[in-house]
Amino acid sequence: KGCKLVGCGSAVPNLKVSNDDLAKIVDTSDEWISVRTGIHNRRVLTSNDSLTALASEAAQKALQMAEVDPDDVDLVLLCTSTPEDLFGSATQIQKALGCKNNPLAYDITAACSGFLLGLVSAACYIRGGGFSNVLVIGADALSRYVDWTDRGTCILFGDAAGAVLVQACNSEEDGLFGFDMHSDGDGLRNLNAPIVENEVDCTLGSNGSVLGFPPRRSSYSCIQMKGNEVFRFAVRCVPQSVESSLQKAGLTASSIDWLLLHQANQRILDAVATRLEVPPERVISNLANYGNTSAASIPLALDEAVRGGKVKSGDTIAAAGFGAGLTWGSAIVRW
Ligand code: ACO
């Protein structure tokens with residue numbers, strides 16, 4: 001059995017934050033950010049906005065493009081590290097879309113590699129589990145976990161959602177040719193946002209004598225990152241992964257139409273493309289407008305490229321994600 005991409009969609013918050021805006025709150029400049037990252041603007045959720053609503057909008061657009069009814073969706077995978085509920089937000093998207101047949105819906109947490117992992121999971125469900133229409137949504141609001149006083153991280157991230165619909169098809173039409181996924185828990189020290197446990201001010205048991213432990217309430221700390229270590233990791237691991245996927249697909253870098261990497265930094269995109277010998281005109285990049293939108297970045301860039309007429313039906317795309325965990329991976333897909 002095969003699987004193919006039949007629709008895509010995306011949505012971004014209205015609030016645009018420029019490099020000049022950031023230079024008003026931290027010691028930085030438009031020039032530094034542009035030269036070191038390629039980013040000019042990013043979109044940020046306000047306290048009135050909802051990431052779940054943004055993700056639902058992206059998913060709805062993907063269904064419309066695919067001309068698939070929400071009732072025919074049998075799996076919703078929400079790839080996010082920033083759900084709006086501790087127990088996940090995928091079921092709320094299923095509800096917002098009005099999928100009446102109660103399809104399975106759950107979250108996948110794999111940071112900036114989340115969408116790639118969701119895509120590969122969708123293919124496995126279709127090939128092995130009899131699923132027909134799988135919505136894969138990448139959505140993140142890292143702005144909620146950024147330290148807005150840390151110029152090393154707050155300049156990088158933006159909020160967004162993107163989605164694709166993966167559909168079962170016969171093997172001749174198969175649109176996922178090869179993939180390669182990895183994790184390295186050792187690298188978490190270079191990019192993380194660990195849990196923080198705060199003791200609750202409560203006389204009952206606060207000294208541990210009644211409950212046997214101090215009552216506590218947990219939250220997550222802000223994103224902590226050693227940027228240059230993450231940079232080196234991406235430039236080393238992503239080309240290897242793409243080459244491995246290409247090999248499994250029986251292709252070479254020269255035969256792909258597009259290189260679509262997680263949109264983290266233009267210098268990473270350029271370095272990976274150079275290593276793979278993919279010319280700049282075949283590299284999809286939209287991070288100038290959105291920054292690093294984590295799990296949303298690949299479907300957001302794909303959606304813009306498809307709706308803008310750049311990526312055409314039948315084009316072959318090498319997509320690769322990388323990020324916290326550390327996690328990284330790639331997949332060769334046909335649009
Ligand atoms: N404005 C001005 N100066 C800055 C800024 C800023 N915004 N940020 C850092 N600097 C300074 C540093 O303090 C340092 O100063 P010093 O030399 O006096 O100590 C100098 O600039 C160089 O700092 P580096 O960190 O070495 O700069 P680098 O060239 O590595 O660029 C950057 C930093 C942009 C963060 C880069 O390392 C990068 O993009 N790394 C990849 C990060 C990434 O993609 N992370 C997300 C992964 S995806 C996920 O899962 C979330």
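Trainee: Two strands pair if DSSP finds at least two bridges between them. With that rule, in what order do the four strands of the open sheet come?
Mentor: The order is S8-S15-S14-S13, and the pairing is mixed. Keep in mind that this is a predicted model.

Trainee: Which strands are at the edges?
Mentor: Strand S8 (176–183) and strand S13 (258–261). Each of these two pairs on one side only.

Trainee: By how many degrees are neighbouring strands of this sheet turned against each other?
Mentor: On average by 10°, direction ignored.

Trainee: What packs on the sheet?
Mentor: Helix H6 does. H6 touches S8, S13, S14 and strand S15 (327–334). The direction of H6 makes about 35° with that of S15.

Trainee: What holds paired strands together, in general?
Mentor: Strands of a sheet pair through backbone hydrogen bonds, either parallel or antiparallel.

Trainee: New topic: S4. Why is strand S4 described as largely enclosed by the rest of the structure?
Mentor: Five of its five residues, 75–79, are buried, so S4 is largely enclosed. The cut-off for buried is 20 or more other C-beta atoms within 10 Å of a residue's own.

Trainee: Which S4 residues point which way?
Mentor: Leu75, Leu77 and Cys79 point one way. Val76 and Leu78 point the other way. All are buried.

Trainee: How many bridges does S4 make with S5?
Mentor: Five, and strand S5 (residues 104–108) pairs with S4 in the parallel sense. Leucine 78 stands opposite aspartate 107 there. The chain gets from S4 to S5 through helix H4 (residues 90–97). This β-α-β crossover is right-handed.

Trainee: And how many bridges join S4 to S6?
Mentor: Five bridges join S4 to strand S6 (residues 133–141), and the two run parallel. Valine 76 has leucine 135 in S6 as its bridge partner.

Trainee: Now the ligand. How many residues surround the ligand, and which are closest?
Mentor: There are 22. The closest are Thr28, Cys112, Gly227, Ala264 and Gly323.

Trainee: Which helices each supply at least two residues of that shell?
Mentor: Helix H2 (30–37) and helix H6 (227–249).

Trainee: How many shell residues are nonpolar, polar and charged?
Mentor: The shell has 11 nonpolar, nine polar and two charged residues.

Note on methods
Residues numbered from 1 in each chain as written. Predicted model: local features only at pLDDT ≥ 70, side-chain atom pairs only at ≥ 80, totals over all residues. Near = placed C-beta within 6 Å. Nonpolar A, V, L, I, M, F, W, Y, C, P; charged D, E, K, R; others polar. Buried ≥ 20, exposed ≤ 12 C-beta atoms within 10 Å, placed from the backbone. Right-handed = clockwise from strand over helix to strand, strands pointing away. Axes fitted to C-alpha atoms, helices over the stretch in contact; angles between N-to-C directions. Contact = placed C-beta atoms within 7 Å.
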